[in-house]
Amino acid sequence: MIRMTEPSKITSVPDHQPAAGGIAARARASVGPKYLSGLNPEQREAVETLDRPVLVLAGAGTGKTRVLTTRIAHILSQGRARPAEILSVTFTNKAAREMKHRLGQMLGHAVEGMPWLGTFHSIGGRILRTHAELAQLKSNFTVLDVDDQVRLLKQLLQADNIDDKRWPARMLAGLIDGWKNRGLTPSQVPSGEAAVFANGKGGKLYASYQERLKILNAADFGDLLLENIRIFREHPDILRQYQQRFKYILVDEYQDTNVAQYLWLRLLSQAPAKQTTPTVIPGRLEEPNPESSSESEDRDSGFDAAHRPGMTEHVAVATPHVKNICCVGDDDQSIYGWRGAEVDNILRFDHDFPGAKVIRLERNYRSTGHILAAASHLIAHNEGRLGKTLRTEDQDGEKVTVTGSWDSEEEARGIGEEIEQIQRQGEKLNEIAILVRASYQMREFEDRFVTLGLPYRVIGGPRFYERAEIRDALAYLRVINSPADDLAFERIVNTPKRGLGDATVQMLHDHARKRRIPLFEAARAVVETDELKPKARGSLRDLVAQFDRWRAQREVTAHTDLAQIVLDESGYTEMWQKDRSADAAGRLENLKELVRSMEEFENLQGFLEHISLVMDRDGGAEEDAVSLMTLHSAKGLEFDNVFLPGWEEGLFPSQRTLDEQGRAGLEEERRLGHVGLTRARRRAMIYFATNRRIHGTWTTTIPSRFLDELPAANVEITESKGGSAWGGTGGYGASRFDDMEAFGSSYTTPGWQRAQANRNRGGGRTGAGGHGSFEEEAATFSSSSSSGPDFGSFSSRRRGPLTIEGELVAKSTGTTSEFSLSDRVFHQKFGYGRVTKIDGNKLTIAFDKAGEKKVVDSFVQRA
């Protein structure tokens, strides 16, 4: 029998804590305020640990927002602090509003007294306005947006006689933003980094820019934290005021913090210094930051001064006491390194805050068992992580599926048909998402959805055909197709810059209205007069002549070639090639994808009619529609059904990321895959294509290395509903040409006739071996093969998928090819070539221009 001991007789407080999930922990959870009800033991521990630094490692779908809001409610209800004494920082205004709303539901109107609940920049801006004079500003200073920032930098470049075409202002704006995100003032920018812009003038221009901001009584977003840091370091009394004010600090999404945000938090999270001599708190050096040599090469993690150039040593007059800071984050979801986020911030939390308690939230309330197992197994291959394993008390559900397609077109078609099947089962389109690695992948899906009549929305950006660079390119093509299209002509008359400003356009409008003619004809007439200045008249005359030439070429040139000619000769492609902004490369990829999309249409007129259909559909926000977005945009969202296309080497993981960041880049790409999988509640479906158009050229791809990092027990290999993974009629999957009714009419194109001939030759959909169905046995993801590649004849017994050099491939068939070694053949995509190896129905062909490729024999014909 257990008896309660009188408080006066307790001699010491036991060090024991109830085991998580045990009888004592569950019994304790049943007693307490109502806002604590429903919390699992780990969540409750995170809420009730109030007397030491706490790091909550909250995996995807583990209820981190609830923990944060409940912790604030607990602090207030226990009388530990008043609302104005709590600093709660989020990353987005949406998250801040949601937190205020939840607190309002828990505590009534207490949230109205929480002025320090907001984003980093909103709170930093408030502090800066309070002490504006210390930053040589007035309290009513203006916060510049990106466009204003670029315009100001253009003025500085012109004043310094720097060619803004070679050294774009937008590029300099990106560099300055990166320096500010790292907490660097102009004097602290390493000389090597300053030399990147305008032959070493980057640092000087940064200083001039900061001086100009003071004169204009303005600041940019980076200043809202950078000036805070400078004021705190130069005025310890002001820092002490805020340290005394904030009794509790809470931070959301800590894995996404950059260096400046980290420094800002570190300064505020120290207990006020008692001595008059300022305590040295980790921060930035005042002197110019020299180039780091071997030290920078050896650093592995964290913000240790010995390993981070520009950081002061962790030395103080007296060891500062760390106050109650609680950071919530997930090192496995740190996917924004490209914009300055430092995953090291969360990895070394216990080093920065001695005595910190690390609490892992591993119970997932979102996804099924198979999805969580696959995601956890994938992310376990990362070395730079603190480690946790997501689990669920829900059912295992459906396995993660992996499907191979012949090319990206078949991939889009297969996913479209899968979505239609899901819809027929009564599920909402709002619960379906397609997450791509690169935005240009969206075009194929958008076109397919328009064909199928499936409503869709693009999240985190415009639809493919609504992007600025695509609209510009289409405007050129529209003017070629219809010279009377005034809206299109006005859009590109000065894009790229031709010295034809608003005054010139207004003159053309006046002339067109008076004579009742289109703008283009007005331009043709005006260039024959002296109404324009010589330079503008010459530019406009050249543009009119270009359109006349392109219109003539339209009759004798393929519309895809014409589009490429227009983009090149107009200077539009060159404009983006010279642009040094971060999104310029993506815009160029989108233009190449636009030209590729035209191949499916007979002529320019047909293509533009298709575009008008795509642009015409504009469903409301409440419409039931498929969500299409990049993996980066998917953070924080969840859907019942998630499609993950494009899991191929070079695309995912991104080759550019691997080239620029090495192993760190690979680990961030893997975290991106983890994020993608954990967006799914019930089904996660991965796709890869054997062939994909990359940089305008068809390339044979290999499946992503991440596929072999998935656990075999939780993954199922499926057949593409859009056709076979090898694109042929080899007996295990339907060819895109098998169903004539899908085309709506009998085709007479050479490709269709060749496919039908191959179909008849092969005896229909069943190969010689009789293996017409795709039978699945226990699939194994082998990372090696002792016997090497083997595509020999298959016996009639069931077997699992093969691997080639550790990469998963779809099943093959036992058919024998009718081609012989050294046969001269023709392939619709790769051109002419000669057979060098035969393996069943798969041929290795040395193509004259495309090099050596592996293809299925049904896709070639004798030359």
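Helix α3 (residues 64-77) has 14 residues, which at 1.5 Å a residue should span 20 Å, and its end C-alpha atoms are 20 Å apart, so the two values agree; the expected span is 1.5 Å times one less than the number of residues. Helices here are DSSP runs of H or I with at least four residues, numbered from the N terminus. The model is predicted, so local features need pLDDT of at least 70 and side-chain atom pairs count only at pLDDT 80 or more, while totals for chains, interfaces and linings use all residues. Residues are numbered from 1 along each chain as its sequence is written, and side-chain values use heavy atoms, without hydrogens and water.

Because twelve of its 14 residues are buried, α3 is largely enclosed by the rest of the structure; buried means under 20% relative accessible area with a 1.4 Å probe, protein chains only. Among the buried residues of α3 are K64, R71 and H74.

Two nonpolar cores (buried Ala, Val, Leu, Ile, Met, Phe, Trp, Tyr and Cys residues joined through side-chain atoms within 4.5 Å) are compared below.

| Core | Size | Residues including |
|---|---|---|
| Largest | 48 residues | L474, F489, L540 |
| Second, separate | 42 residues | A135, Y254, L263 |

R537 lies in helix α23 (residues 534-553). R537 is buried but has no salt bridge, the nearest side chain of opposite charge, D530, being 4.1 Å away; a salt bridge needs a side-chain nitrogen of Lys or Arg within 4 Å of a carboxyl oxygen of Asp or Glu. The R537 side chain does reach the backbone oxygen of L532, at 2.6 Å.

Key: Helices (H or I, at least four residues) and strands (E, at least two) are DSSP runs, numbered from the N terminus. Buried means under 20% relative accessible area, exposed over 50%, partly exposed in between (1.4 Å probe, protein chains only). Lys and Arg count as positive and Asp and Glu as negative; His and the chain ends are not counted. A polar contact is a pair of N or O atoms within 3.5 Å; within protein, one must be able to donate a hydrogen and the other to accept it, and residues adjacent in sequence count only if both atoms are side-chain atoms.
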